[in-house]
Amino acid sequence: MSINVSFFLVLMMGSLFLLSCEAQDLKACKFDAIYQLGDSISDTGNSIVEIPPAFHSRLPYGETIGKATGRPSDGYLMIDFIAQSAGLPFLEPYENPNSKFTHGADFSVAGARAMSAEDLLKLNLDVGFTNSSLSVQLGWLKKVLSTVCNGPKDCQEKLKSSLFMVGLIGPNDLMAGLFKGDGIEKVKTTVLPAVLQTVIDGVQTVISYGASRVVVPGAYPLGCTPSLLTTYSVNKSAAYDSLGCLKDYNDFFAYYNTQLQIALENSRKANPNVIIIYSDFYSATQSILDNLSTLGFKAFRKACCGIGGEFNFTPTMQKTCGAKGVPVCPNPKEHVFWDGGHFSHHANMVLAEWLIKEMLPQLHCSA
C-alpha cells in the first residue's frame with residue numbers, strides 16, 4: 001500500500017470518527033419517559049386491541065421487521081425511532097393489558113379524531129370507528145401519571161425528564177369534513193377552528209398535568225397520499241403541483257399548520273416556563289419528496305401494499321392493504337407510502353431523523 005493511500009485511509013477514518021462524535025441524538029436530553037397522544041401515525045398497537053380483526057394486526061403489516069405489531073406500516077413508526085434516539089424502549093400501547101409503562105406510554109389510536117364524538121356530531125361529521133378521541137386519551141394519560149406522581153407540584157418535579165407528544169391528531173377530523181362533501185373553504189371556516197381549539201386545549205391539559213416539554217406535530221401533505229389522489233382523481237378540475245400532488249389540499253393542510261403555529265405561540269406566552277415545540281411534519285415530508293432518489297426512494301404517490309389504478313389504491317375493504325389477494329411491492333424501502341395513507345418503515349426512519357434534528361436544539365438539552 002502506498003504512503004498516499006495509507007494517508008488517505010487514515011484521513012477518512014479520522015473523518016468518520018469525528019462524524020460519529022459530532023452526531024447528536026435525543027440521549028442528550030436524558031429522557032426517562034415519553035408519552036404519545038395521537039392517531040394512526042403513532043399507534044403502536046392500541047387499535048388492534050379495540051378491533052382485533054383489523055388488517056394491520058397481521059402480515060403483511062410489519063413484514064420488514066418480521067412480525068405484525070399493530071403498527072400501520074411495514075415496520076416501525078416515527079415515534080419508535082424517536083424513542084430509540086432517546087435511548088428508551090419502544091412505547092407500549094395503553095390498551096394492551098400486558099403493558100408496564102416503565103418508560104412512558106402510547107395512547108394513539110388509528111382513526112382517532114381530535115374532537116369528541118359529541119362535538120363531531122354537532123358539526124354533522126362522521127365519528128369514525130373509534131371513540132378514542134384526544135379527550136379520551138388525555139383521560140388515559142392522567143390515569144397513568146397518577147401512578148408516577150401525586151398532584152401538580154409533585155408531577156412538575158417528577159416529569160422534568162419526560163417528553164410529551166400531543167399528536168399528530170386532527171387531520172382525521174378535517175378529512176371527515178372533506179369526505180362529507182363540504183368544500184375546502186367551508187371546512188376551513190367550520191371544522192378547522194374547532195380542531196385547533198381542541199388540540200390547543202389538549203396541550204394546556206398536558207401542561208396542567210405537569211409536562212414541561214411538549215411537542216405538537218403539524219399535518220403532513222396529505223394531498224400526496226395514494227388515498228386522496230385516488231379519491232379526487234375523478235375531479236377533472238383538481239389542481240396538481242409540480243410533484244403531481246393535490247395542490248389545493250396541500251395548501252389547506254399548510255394553512256392548518258400555520259394556524260396551529262400561531263395558536264402554539266399564544267400557548268408559549270401563557271406558559272413561559274414550558275417548552276412547547278411545533279414539529280414540522282409537513283417540511284419533513286417535503287424534504288423526502290425533494291430528495292427521493294438520494295434517499296433511496298423510487299415511488300412516493302404509489303402505495304407499496306395495495307391494488308388498483310395509478311396510485312395502487314382502491315377505497316374498498318376488499319381491496320385495501322391486508323385484504324386477501326392484495327399484493328405487496330417487492331421492496332417497501334423504495335416507497336414513501338406503505339398503504340393508502342401511512343408511511344413505510346424506511347420513510348418513518350427518514351422522517352424521524354429530520355424531526356429529531358429539528359427538535360433537539362429547541363429542547364435545550366445539555367450533552
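Are Tyr 220 and Phe 343 buried or exposed? Both residues are buried, where buried stands for under 20% relative accessible area, exposed for over 50%, and partly exposed for what lies in between (1.4 Å probe, protein chains only). The structure is a predicted model, in which local features need pLDDT of at least 70 and side-chain atom pairs count only at pLDDT 80 or more, while totals for chains, interfaces and linings use all residues. Residues are numbered from 1 along each chain as its sequence is written, and side-chain values use heavy atoms, with hydrogens and water left out.

Rings of Phe, Tyr and Trp (its six-membered ring) form a pair if their centres lie within 6.5 Å; planes under 30 degrees apart are called stacked, over 60 edge-to-face, and the rest tilted. By this rule there are twelve aromatic pairs. In one of them, the ring centres of Tyr 220 and Phe 343 are 4.9 Å apart and the planes stand at 55°, so the pair is tilted. Tyr 220 belongs to the loop between strand S4 (213–217) and helix H10 (226–231), and Phe 343 to the loop between helix H12 (281–290) and helix H13 (345–363), so this pair ties together parts 123 residues apart in sequence. Helices (H or I, at least four residues) and strands (E, at least two) are DSSP runs, numbered from the N terminus.

The rings of Tyr 232 and Tyr 249 give a stacked pair, because their planes are at 25°, with centres 4.5 Å apart. Tyr 232 sits in the loop between H10 and helix H11 (247–270) and Tyr 249 in helix H11, 17 residues apart. Tyr 232 is buried at 13% relative accessible area, and Tyr 249 is buried at 14%. Elsewhere, ring pairs join Tyr 94, Phe 101, Phe 107 and Trp 140 into a cluster.

Charged side chains come next. With a salt bridge taken as a side-chain nitrogen of Lys or Arg within 4 Å of a carboxyl oxygen of Asp or Glu, the count is twelve. Among them, Lys 27 and Asp 25 have their closest N and O atoms 3.2 Å apart; Lys 27 is partly exposed at 46% relative accessibility, and Asp 25 is partly exposed at 26%. Glu 185 and Lys 188 also form a salt bridge, at 3.6 Å from N to O. These two residues are three apart in helix H8 (residues 184–189), which means that about one helical turn separates them. Salt bridges also link Lys 180, Asp 182 and Lys 186 in a network.
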